[in-house]
Amino acid sequence: MAQVDDDGVLSIGFAETNWLARQIASAGSQAQVLEPDDLRNAVLVKLRAAAGEQS
Amino acid sequence: VSGNEERLPRLLALVPYLQGRPGIRVADAAADFGITEAQLRRDLQLLWMCGLPGHGPGDLIDLNFDGETISVIFDAGMSRPLRLTGEEALALAVALRTLAETPGLADADAVHRAHAKVETAAGGEVDEATVTVALDWTTRLLPVLQRALDQGRALQLRYFTAARDETSDRTVDPLRVFAIDGHSYLEAWCRSAEGVRTFRVDRIETVDLLDEPAAAPDGLQLRDLAEGVYQPAAEHLLAVLRVSAAYAWVADYYPPVAVTELDEGALQVSLRVSEPTWVRSLVLGSGGQVEVLSPGWLAESIRADAAAAIAAYAGK
């Protein structure tokens, strides 16, 4: 379940890191993971691949 | 015709009903019970021969229905209103809760009043903790959409368009409701788009049944749905994608114009796209498993968006 604060920060519980990383990466520059680090890194891997960068 | 299964409960209900309405017209009472006047008179004649043990004067139910009206002279102890069994009360409560859950179908106040009466009559056997009815969103909306169609009324929708990732408010004139591949759809004339649009029911966020009549233009040709809900058009963007074996489902999920097999199970898929937003989301989330080969501007736009997102992470 998700909770949205007034400052645009969304807190969301999740069980599957790769699934959530796919959802967040699909939003491109419209969404950014603040924490945890493993989810940040998973999203960055997908974004770098989409940007054509070598991982 | 009135069968015994219906007649016995009606006979039991008649005396308290008539006592509460002294002098009621035969025609009105018959209408309330949904039977003919002749049937009601036969019921009254049978009641006239019922009563307490002894069966003498003063023991039998006494009624006056010689003229156009009915009066109870002696009720023989049958003045207590019909009681509901727990099972009957439960069935009524479920039906009323279902009505209350369905937006726009019934007078909500009347439903809640009726429900409170059933709860009271059931003596606490069907309270809030006993009966909970929760309908899924599509099940709740379909009767409202059908009612709009039946009554020829317009609808106000708030609708989420997945392909554009946006929500919009529209006034529409319903044309039909149908189901394909496990999803229900409303096809309607959209007044803001000035065209026929198809709305997936589970993506309708709110719906209001308007008092104004539906006013779709005359002579509209409804689409042949044999080819599916989404039908690519020549004016849509032609996108060519390279998808890995893990994303080969794209060629099955979206109707392709052409598919070419590449190495290691990868495919080159050409398809018509009404909104490039979903291609952008697919590519960004795929982690390099999906790549836009054409048009070049779309591929470059997606790469730029990914680079902007990466840069934002570097700043935090």
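Does B:Arg153 count as buried or exposed, and at what relative accessibility? At 17% relative accessibility, B:Arg153 counts as buried, where buried means under 20% relative accessible area, exposed over 50%, and partly exposed in between (1.4 Å probe, protein chains only). The model is predicted, so local features need pLDDT of at least 70 and side-chain atom pairs count only at pLDDT 80 or more, while totals for chains, interfaces and linings use all residues. Residues are numbered from 1 along each chain as its sequence is written, chains are lettered from A and ligands numbered from 1 in the order in which they are written, and side-chain values use heavy atoms, with hydrogens and water left out.The secondary structure gives a first orientation. Chain A comes to two helices and two strands, and from the N terminus on these elements run β-β-α-α. Chain B has nine helices and twelve strands; helices (H or I, at least four residues) and strands (E, at least two) are DSSP runs, numbered from the N terminus. Of the 55 residues in chain A, 27% are buried, and of the 316 residues of chain B, 35% count as buried. Contact here means heavy atoms within 4.5 Å. Among contacts with a separation of 6 or more, residues 24 or more positions apart account for 16% in chain A and for 55% in chain B.

The two chains meet in a contact that takes 20 residues from chain A and 17 residues from chain B. About 1500 Å² is buried between them, with carbon and sulfur atoms giving 65% of that area; buried area is the accessible area (1.4 Å probe) that two parts lose on being put together, summed over both. On the chain A side, A:Ser26, A:Gln32 and A:Ala50 lose the most area to chain B, together 30% of what that side buries. Across the interface the rule finds four residue pairs in polar contact, both residues being at pLDDT 80 or more. A polar contact is a pair of N or O atoms within 3.5 Å; within protein, one must be able to donate a hydrogen and the other to accept it, and residues adjacent in sequence count only if both atoms are side-chain atoms. Helix H1 (17-25) and helix H2 (37-51) of chain A each supply at least two residues of the side that touches chain B, and H2(A) gives the most, with nine residues.

Back at the opening residue, the side chains of B:Arg153 and B:Asp211 meet in a salt bridge (3.4 Å, N to O). This pair links distant parts of the chain, 58 residues apart, with B:Arg153 in strand E4 (residues 153-161) and B:Asp211 in strand E8 (residues 204-213) of chain B. At 74% relative accessibility, B:Asp211 counts as exposed. A salt bridge also joins the side chains of B:Arg191 and B:Asp173 (2.6 Å, N to O). B:Arg191 lies in the loop between strand E6 (183-190) and strand E7 (195-200) and B:Asp173 in strand E5 (residues 166-180) of chain B, so the pair ties together parts that are 18 residues apart in sequence. B:Asp173 is buried, with a relative accessible area of 0%, whereas B:Arg191 is partly exposed at 29%.

Strand E11 (residues 267-273) of chain B holds B:Ser270, a residue that is buried, with a relative accessible area of 13%. Leaving aside neighbours within four places in sequence, B:Ser270 is in contact with B:Leu238, B:Ala239, B:Val240, B:Pro256, B:Val257 and B:Ala258.

Terms used. Salt bridge = Lys/Arg side-chain N within 4 Å of Asp/Glu carboxyl O.
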